Amino acid sequence: MRVIQWATGGVGRAAIEGILLHPDLELVGCWVHSDSKNGMDVGEILGIDPLGVLATTSKDEILAMEADAVVYTPLIPDRDEVAAILRSGKNVVTPVGWFYPSERDGAPLAAACAEGGTTLHGTGINPGGITELHPLMFSALSSAVTFVRGEEFSDIRTYNAPDVVRHIMMFGGKPEEAMGGPMLGLLSGGFIQSVRMCVDALGFAAEPRVRTSQEVAVATAPIDSPIGVIEPGHVAGQRFIWEAFVGETCVVRIAVNWLMGEENLDPAWEFGPQGERFEVEVQGDPSCTVTIKGWQPDTVEEGLERNPGVTATAFHCVNSIPYVVAAEPGIKTYLDLPLIAGRAHPDLS
């Protein structure tokens, strides 16, 4: 299957690695935002041997290219871009949205799928995995489910996107800047879809509105970080929560906890004895709590080099491609596709 990579940030670069390793996929094109990358061999962008595929800033060139799928990984999604790709006859897999869109929000893209005979699938890790796929998967082992949760506990110093951490997440800024910043709105677009998927799939009679909340912790002493020193009184931790309720009973909770380490914070947030992790909880008969390790790096330095959470996000997209290409046209979620699996290492296959 011929695949185009759209954007070469952290997730995009990892997606290219995954495409090159996947026995059923071939990289045939690459769209880049930066003029400095225009015309470069994609291998050069990744710091590996040349691949014979040149990057381009021309969207028209990408749309005209023969391909089966596009892995769409810009920082901010553009619905019109995705619609154009779908209308051009290319399936789209993306970690930046459309995990479980409402009928109204999905209608323009569903129309583009019908016109192009193509499929759109939103996937990833958080959202796109830990927040809906895994709670639903583990709920299948329980009866009479009363509550599900997907939650991340991460050291944000390992996220190698300093401009995003400083200027969009607003770490290092004043608390009022973070509370009034864009991050809650940007995150809610995906995480609310995760909550609604869990509500609908499990059959909870939850109210339509998802309750959101944001909290911040500030530094009590200077904290060294990849974005510079976090000064006392400035944001060094953030927590975002999305919840669905039946009456006054919370039935679905999605949360992220992002800290600049565990020292010198007010409130004194910490990861606890289990450290950085992802958690999935299902309350029912029987109940379970699952702790997932390995999607966070062991050190800040390792994360800046190659963050396994970013890689997992990309590989979830890449491994979905054959299933998405085989699907009927339309917007397809986890509830519509068969079980998606990775592929064996080339030395073992």
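Predicted model: local features only at pLDDT ≥ 70, side-chain atom pairs only at ≥ 80, totals over all residues.
Which residue of S10 is the bridge partner of Gly150? It is Ile254.

View 1. Residues are numbered from 1 along each chain as its sequence is written, and side-chain values use heavy atoms, with hydrogens and water left out. S7 and S10 (residues 249-259) pair in the parallel sense over 8 bridges. Strands (E, at least two residues) and helices (H or I, at least four) are DSSP runs, numbered from the N terminus. Two strands pair if DSSP finds at least two bridges between them. S7 (residues 143-155) is largely enclosed by the rest of the structure, because 10 of its 13 residues are buried. Buried means under 20% relative accessible area (1.4 Å probe, protein chains only).

**View 2. The antiparallel side of S7.** S7 and S12 (residues 277-285) run antiparallel and are joined by 8 bridges. Ser143 has Asp285 of S12 as its bridge partner. S12 also joins S13 through 5 bridges, again antiparallel. There, Val282 stands opposite Cys288 of S13.

**View 3. The open sheet.** The order is S11-S8-S9-S10-S7-S12-S13, 7 strands with mixed pairing. S11 (265-266) and S13 (288-292) are the edge strands, each pairing on one side only.

**View 4. Helix H9 over the sheet.** H9 (residues 183-202) lies across S7, S8 (211-219), S9 (235-246) and S10. H9 runs at about 30 degrees to S9. Axes are lines fitted to C-alpha atoms, for helices over the stretch in contact (heavy atoms within 4.5 Å). Angles run from 0 to 180 degrees between N-to-C directions.

**View 5. The largest nonpolar core.** This core has 45 residues. A nonpolar core is a set of buried Ala, Val, Leu, Ile, Met, Phe, Trp, Tyr and Cys residues joined through side-chain atoms within 4.5 Å. Among those with the most contacts inside it are Met169, Trp242 and Val252. S7, H7 (162-168), H9, S8, S9 and S10 each supply at least two residues of this core. H9 gives the most, with 7 residues.

**View 6. Around Met169.** Leaving aside neighbours within four places in sequence, Met169 is in contact with Ile156, Tyr159, Val164, Met183, Gln238 and Trp258.

Note on methods:
Buried < 20%, exposed > 50% of the residue type's maximum accessible area, 1.4 Å probe, protein only.
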